[in-house]
Amino acid sequence: MTETIDALAGPVSGGGVVVLSGAGLSTESGIPDYRGPSGAARRHTPMTYQAFTRDADARRRYWARSHVGWRLIARSEPNDGHRAVTRLQRAGLVDGIITQNVDGLHTAAGGTGVVELHGRLDEVVCLDCGNATSREELDRRLREANPGFEAHVDAVNPDGDVDLPDAAVARFRTVDCTFCGTGVLKPDVVFFGETVPAPRVARCFAMVEAARLLLVLGSSLTVMSGRRFVLRAAKLGIPVVIVNQGPTRGDAYAQLTVDAPLGRLLPAVADRLVGAGAGAAGFGEVGAVPAGAAPVAL
């Protein structure tokens with residue numbers, strides 16, 4: 001464990017770090033991921049933007065499932081990994097945070113200037129008029145429209161919904177936008193098949209290009225939405241460090257890969273750097289694992 005902490009603390013201690021986080025950082029808050037240890041065996045198929053916008057039955061199915069799942073997401077709290085990232089940011093070592101997660105837990109942990117690449121589940125937007133409302137308000141309206149609607153579930157899916165029987169979905173009533181009266185409501189998140197807003201992507205690229213180090217936390221980098229930032233960093237010669245449980249599609253571009261639970265490793269690194277006041281060590285002074293080599297493991 002000490003060797004692993006040293007391996008990660010060395011490059012982070014130099015500062016200028018931009019964090020790119022994924023679902024693996026939130027698993028210890030009770031939110032599963034799609035492809036990591038908590039999500040590898042799941043067969044859940046996420047809602048696509050095309051299905052949501054074109055099919056009223058698909059929207060009913062989504063909102064019924066999400067109505068139940070949202071209650072579980074809303075109760076989730078930041079874990080030690082989120083708090084460690086905040087500590088590193090407050091110490092001036094982390095300059096920016098880009099997250100692919102939609103749970104808002106970086107901000108809840110005290111992180112500032114967080115760029116939520118795929119939006120947030122706690123915000124709702126009308127696809128017709130663009131009016132934005134809180135998920136809390138929508139939750140209240142859906143409860144009123146569906147008195148007595150109850151569903152017992154064991155776990156929430158990564159995108160904030162749950163699996164429900166068809167009979168439960170069939171009796172669920174959706175609601176429209178209160179501002180324009182008829183608009184279709186959608187959580188303000190980027191669905192599969194939807195494009196991340198260009199200004200948001202541009203902001204993330206600018207953060208990466210100004211970084212001394214790109215630190216990937218808990219992302220398999222399977223989809224291009226996040227992997228493109230690793231590719232940009234590698235192209236510019238900016239070191240990439242990846243901490244994830246399991247291999248990622250960015251490992252070939254990383255100068256160091258670490259296979260470890262983030263909720264254990266990140267607090268230990270923060271303790272080492274913030275608590276002990278460690279100085280800035282050069283990236284080459286630690287045991288970097290070159291592309292194609294075996295990752296460091298706990």
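Figure 1. Among the 29 residues of the largest nonpolar core, L8 and L215 touch the most other members. Two or more residues of this core come from each of α1 (2-12), β1 (17-21), α4 (80-90), β2 (94-99), β7 (213-217), β8 (240-243), β9 (256-259) and α10 (262-275). Helix α10 supplies the largest share of this core, with seven residues. The model shown here is predicted, so local features need pLDDT of at least 70 and side-chain atom pairs count only at pLDDT 80 or more, while totals for chains, interfaces and linings use all residues. Residues are numbered from 1 along each chain as its sequence is written, and side-chain values use heavy atoms, with hydrogens and water left out. A nonpolar core here is a set of buried Ala, Val, Leu, Ile, Met, Phe, Trp, Tyr and Cys residues joined through side-chain atoms within 4.5 Å. Buried means under 20% relative accessible area, exposed over 50%, and partly exposed in between (1.4 Å probe, protein chains only). Helices (H or I, at least four residues) and strands (E, at least two) are DSSP runs, numbered from the N terminus. In soluble globular proteins, nonpolar side chains tend to be buried together.

Figure 2. What does L8 touch, leaving aside its neighbours within four places in sequence? L8 is in contact (heavy atoms within 4.5 Å) with L215, V241, V243, L256, L265, L266 and V269. Helix α1 is mostly covered, as eight of its eleven residues are buried. The buried residues of α1 are T4, I5, A7, L8, A9, G10, P11 and V12.

**Figure 3. Aromatic rings around F52.** The whole structure holds seven aromatic pairs; rings of Phe, Tyr and Trp (its six-membered ring) pair if their centres lie within 6.5 Å, and planes under 30 degrees apart count as stacked, over 60 as edge-to-face and the rest as tilted. One of these pairs joins F52 and F191 edge-to-face, at 5.2 Å centre to centre with 90° between the planes. This pair links distant parts of the chain, since F52 sits in helix α2 (residues 49-54) and F191 in the loop between β6 (185-189) and α8 (198-209), 139 residues apart. F52 counts as buried because its relative accessibility is 0%, and F191 counts as buried because its value is 8%. Y62 and W63 make another edge-to-face pair, with 5.3 Å centre to centre and 75° between the planes. Both Y62 and W63 are buried. Together, F52, Y62, W63 and F191 form one aromatic cluster.

Figure 4. How many cavities of 30 Å³ or more does a search of the whole structure find? There is one, and the largest cavity has a volume of about 40 Å³. Its lining is made of W63, L138, L142, T174, V175 and L185. Five of these lining residues are nonpolar, one is polar and none is charged. On a 1 Å grid over the protein atoms alone, a cavity is a set of points where a 1.4 Å probe fits but cannot get out, and a pocket is an open set with protein on both sides within 12 Å along at least five of seven lines; lining residues have an atom within 4 Å of a point. Grid points are joined across faces, edges and corners, and a volume is the space filled by probe spheres set on the points.

**Figure 5. The second largest pocket.** This pocket has a volume of about 160 Å³. A56, R59, R60, W63, F172, R173, T174, V175, D176, V184 and L185 line the second largest pocket. Helix α3 (residues 56-75) gives the largest share of this lining, four residues. The lining divides into six nonpolar, one polar and four charged residues, where Ala, Val, Leu, Ile, Met, Phe, Trp, Tyr, Cys and Pro count as nonpolar, Asp, Glu, Lys and Arg as charged, and the others, Gly among them, as polar.

Figure 6. L221 lies in the loop between β7 and α9 (224-235), with a positive phi near 55° in a residue other than glycine. Most residues other than glycine have a negative phi. Is L221 buried or exposed? L221 counts as buried because its relative accessibility is 1%. G30 lies in the loop between β1 and α2 and counts as exposed because its relative accessibility is 52%.
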